[in-house]
Amino acid sequence: MLKIENVNIKDIQNEIIDEFTMFDDWMQRYEYMIDLGKSLPLIDDQYKTEDNIIKGCQSKVWVHAKMEDGKIIFTADSDAIITKGIIAILIRVFSNQQPKDIIEADTGFIDKIGLKEHLSPTRANGLVSMIKQLKMYAIAYQTQLN
Amino acid sequence: MKSINQHTTFKVEEIRKDFPILSRKVNGKPLVYFDNAATSQTPQIVIDAIVNYYSNYNANIHRGVHTLSQEATDAYEQARQKIQAHFNAKSSHEIILTSGTTHAINLVANGFSSILKQEDEVLVSALEHHSNIVPWQMLCEQTGAILKVIPMNQEGELVITEYDKLLSKNTKLVFVNHISNALGTINPIEDIINKAHKVGAAVLVDGAQACPHITPDVQALDVDFYVASAHKMCGPTGIGMLYGKSRWLNKLPPYQGGGEMIEEVTFKKTTYADLPYKFEAGTPNICGGIAFGVAIDYMNAIGFDAIASYENKLLNYATKKLLEIEGLKIYGTSKNKTSVISFNIEGIHPYDIGTIVDKLGIAVRTGHHCAQPIMDFYDIPGTVRASFSFYNTKEEIDALVEAVKKAKTMLS
């Protein structure tokens, strides 16, 4: 599990943008994402339940959230490897952060790393729903804290 | 306006020139469009018809006495006659112009809600698109009728011996597609219709996937209802048709109330207009209807025999080439199928393959193709579907094969 302590969302996003600018073309970007997908720390099998599925039209995405020391830890998985790669990026950005930071975070960095097409609602890969779901968890935990 | 090119001999290079979109690039690569089963591309002649309508005679139809309205009405009604002739309906009033296949199916399903009774049985095939499942489920919930499913086999064909067993005097309706959108299987609808009629059941055939490839003769088929969409046969979206035998269309109640579909209105009682207007409430898709007629002319000018024979060559070539890729499995292997190949590569999600081949400029469909029961049957999340049209080429199939190989290397 990738744990980056005390790094804020914005910094992580900038770090990811830097990494992606090194690639010359889409193929390198996708190869990188596929590698990320393969190395994604998987969600514990007990959480791969129907309840945790975010239903996209095409690939299945599971997300689990828990609270640790005021921060939300996300784990996730998908049955499609490219989707998994994107999830790995999202987890790196949003996991291990405080609920209020997750709620306020913008997701414009996805565009900057050349993955904008995956954010189109018509893409139907569950990614848009996934970001929404991560933020919903954050809102729910934030409500508990208040 | 240019007249339709007569393609006296089938030359794909010439035909491709009729389609402006085929010269564009996607992700820096020449577009290879293999999503024809979802929607076909539009020839210039159809685009011209749309532009001409809005440039020269845009008006509401059937109402105005002015010249524009007359011209638009004439063009719209001529389109209906073209559709009638194309499908060989007995009368043009048996052709109801709808927004598409889904609308047409819902119109019939709604009509039967006042006819079906509890314990009546409705048969639907396992190969259906969601649009030919859900309206009947709703109908059955509403009426208490029972929905039964004609099963399929591993090849993706309907099991006709099981169909025979399901038929009984309780069977009131049978719904089946002419050709499966997910697998390309051509169903034996003559046999299905014939047997249904012997027990007194009506048959609706969803022809959305068939009409781009073959010309159904509704009288020879003796089918009760046949539905199709223009956008799968070189026409625009938002227009389609319902053919229904007069006897049935007269029996079914109107679907929607509104202008156009009435004969006389008082607050006491409204009498409905005759066919086809009884089912065409409101201002119709006038331009779409006219363009639908032009699309049918265009396809007939090329010739459906030439189209079917060429597409069959593409299908055989693509099947052979794709099967050379190790681990590739084709779903839907009936001998009777159209130019649709649904496939997966072992261990790779179809969505991943679709994403990579799109980056290489190739448009395929991935997912369950709105036919989840078929995917459940094969126990797969979906497939990659490449569907070929008469304007595609062998070179494009080579590009697909190379792209799939590349995707496989990247994703394995």
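Strand β2 (residues 60-68) of chain A pairs with β3(A) in the antiparallel sense over 8 bridges, where two strands pair if DSSP finds at least two bridges between them. Helices (H or I, at least four residues) and strands (E, at least two) are DSSP runs, numbered from the N terminus. This is a predicted model, in which local features need pLDDT of at least 70, side-chain atom pairs count only at pLDDT 80 or more, and totals for chains, interfaces and linings use all residues. Residues are numbered from 1 along each chain as its sequence is written, while chains are lettered from A and ligands numbered from 1 in the order in which they are written.

**Chain A: hairpin and overall make-up**

- β2(A) and β3(A) form a hairpin with 2 residues between them, and A:Asp69 in the turn has a positive phi of about 50 degrees.
- A:Ala65 has A:Phe74 in β3(A) as its bridge partner.
- Strand β3 (residues 71-78) of chain A has 6 of its 8 residues buried, so it is largely enclosed by the rest of the structure. A residue is buried if 20 or more other C-beta atoms lie within 10 Å of its own, exposed if 12 or fewer, and partly exposed in between, with C-beta atoms placed from the backbone.
- Chain A contains 6 helices and 3 strands, and its elements run α-α-β-β-β-α-α-α-α from the N terminus on.
- Of the 146 residues of chain A, 36% count as buried.
- Among contacts in chain A between residues at least 6 apart in sequence, 67% join residues at least 24 apart. Two residues are in contact if their C-beta atoms, placed from the backbone, lie within 7 Å.

**Chain A: helix packing**

- Helix α2 (residues 26-39) and helix α3 (residues 81-94) of chain A pack at an angle of about 80 degrees, with their axes 7 Å apart. That makes α2(A) roughly perpendicular to α3(A). Angles under 35 degrees count as roughly parallel, over 145 as roughly antiparallel, 65 to 115 as roughly perpendicular and the rest as oblique.
- Axes are lines fitted to C-alpha atoms, for helices over the stretch in contact, and angles run from 0 to 180 degrees between N-to-C directions.
- On the α2(A) side the contact includes A:Tyr30, A:Met33 and A:Ile34, and on the α3(A) side it includes A:Ile82, A:Ile86 and A:Ile89.
- The residues of this contact between α2(A) and α3(A) divide into 9 nonpolar, 2 polar and 2 charged. Ala, Val, Leu, Ile, Met, Phe, Trp, Tyr, Cys and Pro count as nonpolar, Asp, Glu, Lys and Arg as charged, and the others, Gly among them, as polar.

- The interface brings 12 residues of chain B into contact with 13 residues of chain A.
- On the chain B side, α12 (350-359), β16 (365-367) and α14 (394-411) each supply at least two residues, and the largest share, 5 residues, comes from α12(B).
- By class, the side of chain B that touches chain A has 5 nonpolar, 5 polar and 2 charged residues.
- In α12(B), 9 of the 10 residues are buried, so the helix is largely enclosed by the rest of the structure. Among the buried residues are B:Asp352 and B:Lys359.
- B:Gly361 follows α12(B) and has a positive phi, near 85 degrees.

**Chain B: sheet**

- An open sheet of 4 strands has the order β13-β14-β17-β16 (chain B), with antiparallel pairing. β13 (328-331) and β16 of chain B stand at the edges, each with a single partner strand, so one side of each is left without a neighbour in the sheet.
- Neighbouring strands of this sheet are turned by 30 degrees against each other on average, direction ignored.
- Helix α11 (residues 304-323) of chain B packs on the sheet and touches β13, β14 and β17 of chain B; its direction makes about 145 degrees with that of β13(B).

- Helix α7 (residues 189-198) of chain B has B:Ile189, B:Ile192, B:Ile193 and B:Ala196 as its buried residues. They cover an arc of only 95 degrees around the axis, which puts them on the same side of α7(B); the arc is that of the directions from the helix axis to the C-beta atoms.
- The face of α7(B) turned away from its buried side carries the exposed residues B:Glu190 and B:Lys198.
- A cis peptide bond joins B:Leu275 and B:Pro276, with omega about 0 degrees.
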